Amino acid sequence: MSLGGGLKLVLIGDGESPHLLKWARALKPRVQLHAISSRGFLPEFHQLLPDAQRLALNTAPDHGGGNVALIKQLPKVGAWLAETDADWLHAHYLTSHGSLAWAARMGWRLRAQIAGSAWGSDILVTPNRGGAWRWMTKKVLRECAVTTSDSLHMAERMRELGAKEIMTFPFGLEALPRQNAQKQPWLCFANRGLEPIYRPQLVIEAFARIAAAQPEARLVVANDGSLRTALEADVAARGLADKVSFVGRLDAQAQAGHYARSTWFLSLPESDSVSVSVLEAMAHGCVPLLSELPANRELIGDSARGLIVGSLDDLPARMATLDTAQLAVVNRDWVAVNGLFEPHVQRFLTRLKELTPA
């Protein structure tokens with residue numbers, strides 16, 4: 001174990017992701033933290049870590065995991081990690097960053113152990129793309145001394161693929177948000193990526209049904225992606241341009257404002273683990289409308305805290321039966337008990353210390 005300041009740990013992931021930043025904020029007071037980003041770093045990372053403790057690879061990884069450009073950076077990564085001499089490499093998103101950690105550890109004979117955090121599609125989608133993808137996912141999982149999953153469903157899939165030790169906890173919130181905004185009864189919010197896996201076109205279709213039944217309904221679509229232009233054209237063609245706003249990527253404060261005012265939150269991906277966005281929405285008292293997936297049932301039960309959306313035909317009628325004010329309280333209380341991040345990070349680090357040679 002590194003002397004002074006406890007464990008020396010290198011985060012390996014997308015430094016432009018707010019989710020990796022959240023891990024960094026949680027880990028910084030507790031470990032000697034370094035970070036490698038496949039892209040660049042958000043400005044907050046520069047405040048958290050000095051230049052010498054950050055390595056930006058400035059590649060452009062894709063959502064599907066076909067990241068040859070990342071592997072070409074292996075010599076730079078291996079040399080940097082050899083000099084850093086960490087106790088742990090903590091890879092986020094296993095098929096890209098996990099592969100990089102494993103290859104560097106093997107090629108440069110690093111003493112570091114690997115902890116891998118699965119994010120969803122790296123386990124639930126990528127291994128199904130073909131034999132090579134499945135082999136790589138299994139290899140990375142076997143090379144990890146410990147892994148984390150944010151849903152029981154994904155943990156079971158990881159076990160099937162050969163993961164050894166899995167810690168299951170939601171990638172939850174750093175704190176409960178303050179409640180200080182008036183809810184608008186038929187205001188809907190969606191903020192998943194505008195990419196095919198998140199099915200934003202289904203969000204638009206669902207909202208069209210809602211707006212037909214409730215003319216005062218409005219939808220705010222945050223985030224960005226390859227489908228944005230097509231979605232904006234679809235909204236215009238449906239005559240919904242005055243009811244749907246595309247607001248692009250938002251900072252945390254702006255996003256919190258939209259959660260706070262919205263009554264409904266739509267998230268209808270074709271594959272997902274427990275989504276941080278859904279937890280954030282619930283903490284702000286939104287009622288989630290979610291696709292039929294095992295992890296979504298873990299989040300809201302059998303429609304105890306929202307709705308699982310199957311058929312769109314009866315969606316407006318089902319929404320109209322819910323007591324949204326009561327659900328706002330129920331959901332916030334549930335997140336307070338089940339969805340906060342801090343206790344789980346402490347448990348994770350305790351386990352890493354137990355696994356680290358004296």
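Contact here means heavy atoms within 4.5 Å. The legends below describe close-up views of a predicted model.

**View 1. Ile300 and its contacts.** Ile300 belongs to helix 13 and is buried, with a relative accessible area of 0%. Not counting residues up to four places away in sequence, Ile300 touches Met282, Pro288, Leu290, Arg305, Gly306, Leu307 and Ile308. One of these partners, Met282, is 18 residues from Ile300 in sequence, and the two C-alpha atoms are 9.5 Å apart in space. Met282 is itself among the buried residues of helix 12.

View 2. The buried residues are Val276, Ser277, Val278, Leu279, Ala281, Met282 and Ala283. Their cover includes helix 1 (18-27), helix 11 (252-261), strand 11, strand 12, helix 13 and helix 15. At the start of helix 12, a side-chain oxygen of Ser275 comes to within 3.1 Å of the backbone nitrogen of Ser277. After helix 12 comes Gly285, with a positive phi near 80 degrees.

View 3. Ser271 lies in the loop between strand 11 (262-267) and helix 12. Ser271 has a relative accessible area of 13% and counts as buried because this value is under 20%. When neighbours within four places in sequence are left aside, the contacts of Ser271 are Leu124, Val125, Ile197 and Leu293.

**View 4. Strand 8 between its parallel partners, strands 9 and 11.** Strand 8 (residues 184-190) runs parallel to strand 11, and three bridges join them. Within this pairing, Gln184 has Ser262 of strand 11 as its bridge partner. Strand 8 also pairs in the parallel sense with strand 9 (residues 218-222), over four bridges. Here Cys188 stands opposite Leu219 of strand 9. Five of the seven residues of strand 8 are buried, so strand 8 is largely enclosed by the rest of the structure. For strand 9 the count is four of five residues buried, so strand 9 is also largely enclosed by the rest of the structure.

**View 5. The UniProt-annotated segment, residues 182-310.** An unreviewed UniProt entry places the feature "domain: Glycosyl transferase family" at residues 182-310. Over these residues the chain is 38% helix and 24% strand. The end C-alpha atoms of the segment are 29 Å apart.

View 6. Helix 15 (residues 324-338) has 15 residues, which should span 21 Å at 1.5 Å a residue; the end C-alpha atoms are 20 Å apart, which agrees. The buried residues of helix 15 are Leu327, Ala328, Asn331, Arg332, Trp334 and Val335. Seen down the helix axis, these residues fall within an arc of 160 degrees, so they line one face of helix 15. An α-helix has 3.6 residues a turn, so residues three or four places apart point the same way. Elements that cover the buried residues of helix 15 include helix 12 (276-283), strand 12 (287-291) and helix 13 (294-300). On the face turned away from the buried side are the exposed residues Ala325 and Val337. Asp323 caps the N-terminal end of helix 15, with a side-chain oxygen 3.3 Å from the backbone nitrogen of Ala325.

Key
Residues numbered from 1 in each chain as written. Predicted model: local features only at pLDDT ≥ 70, side-chain atom pairs only at ≥ 80, totals over all residues. Heavy atoms only, no water. Helix = DSSP H or I, 4+ residues; strand = E, 2+ residues; numbered from the N terminus. Expected span 1.5 Å × (residues − 1). Buried < 20%, exposed > 50% of the residue type's maximum accessible area, 1.4 Å probe, protein only. Arc of directions from axis to C-beta. Polar contact = N/O pair within 3.5 Å; in protein donor to acceptor, adjacent residues only side chain to side chain. UniProt positions renumbered as here; feature names shortened; annotations may be inferred. Pairing = 2+ DSSP bridges.
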